[in-house]
Amino acid sequence: MKVNNTTVFMGDDTNRLRHSEQPLKATDTGRKSINGASFRAKTDPIAAKREEARKRAMKIVGDAFTNELKIDDDLNTRRDKVKALQQEKGEAKRAIKEIEDGREALRDMYGVDPDSKEEQDLKLLEKEVRSKMPGSEIILSKEEKEQIAKIRENGLSEYQERSLDMLESETYYHQTVYEADIEIKTENQIIQVSQLKHRVENLE
């Protein structure tokens, strides 16, 4: 080809140049895309620290939320236990009252006067039985113990024996009330301490 009487040769070099000017095409279709945030975190120290701080913050929030749920679940479980214990205690007290009502009916059946010696001796024998029940704070004096020994030595009436048998059947229910009171007190103390500790931690 001639331009202004100058011969110009267009050969393979020109063709190669034309081909080199074409847009590059992706030849590796299996190559993974690069995440911008991840790339910046690897190349930018400040971005990496920010990303690390973000992850730590998210973990703290997640752990705190999980801990909140555990505390709530534990408190609810303890409250449910207290309710169950209170119900059990109430049933035991009702059983005790029924027995006491039965003892009064027994006295009426035998026609024993509440002010009689037989009834007064029974009251002293009753005090001895109650002193041995769970949680009892009754303490017999030396004189009372001696008097009880004399009453037993002289023998009990049928009414006294039956009344004392009924009284001793209350022992199981008194045990139930005693143990329930201890557990209720313990659970309530744990609930109060947990709530107080939780409030203090939230203020920090």
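**Helix contacts and an aromatic pair**

Trainee: Which residues in H5 do Asp-121, Leu-124, Leu-125, Lys-127 and Glu-128 in H4 meet?

Mentor: This is a predicted model, in which local features need pLDDT of at least 70, side-chain atom pairs count only at pLDDT 80 or more, and totals for chains, interfaces and linings use all residues. Residues are numbered from 1 along each chain as its sequence is written, and side-chain values use heavy atoms, with hydrogens and water left out. Helices are DSSP runs of H or I with at least four residues, numbered from the N terminus, and contact means heavy atoms within 4.5 Å. On those terms, the residues in H5 that these H4 residues meet are Glu-144, Gln-147, Ile-148, Ile-151 and Arg-152.

Trainee: How many charged residues does the contact of H4 with H5 have?

Mentor: Asp, Glu, Lys and Arg count as charged, Ala, Val, Leu, Ile, Met, Phe, Trp, Tyr, Cys and Pro as nonpolar, and the others, Gly among them, as polar. By class, the contact has four nonpolar residues and one polar residue, and the number of charged residues is five.

Trainee: At what angle do H4 and H5 pack?

Mentor: Axes are lines fitted to C-alpha atoms, for helices over the stretch in contact, and angles run from 0 to 180 degrees between N-to-C directions. With their axes 10 Å apart, helix H4 (residues 117-131) and helix H5 (residues 142-154) pack at an angle of about 115°.

Trainee: Why is the pair of Tyr-110 and Tyr-159 called tilted?

Mentor: Rings of Phe, Tyr and Trp (its six-membered ring) pair if their centres lie within 6.5 Å, and planes under 30 degrees apart count as stacked, over 60 as edge-to-face and the rest as tilted. The ring centres of Tyr-110 and Tyr-159 are 5.8 Å apart, and the pair is tilted because the planes stand at 45°.

Definitions and conventions:
Helix = DSSP H or I, 4+ residues; strand = E, 2+ residues; numbered from the N terminus.
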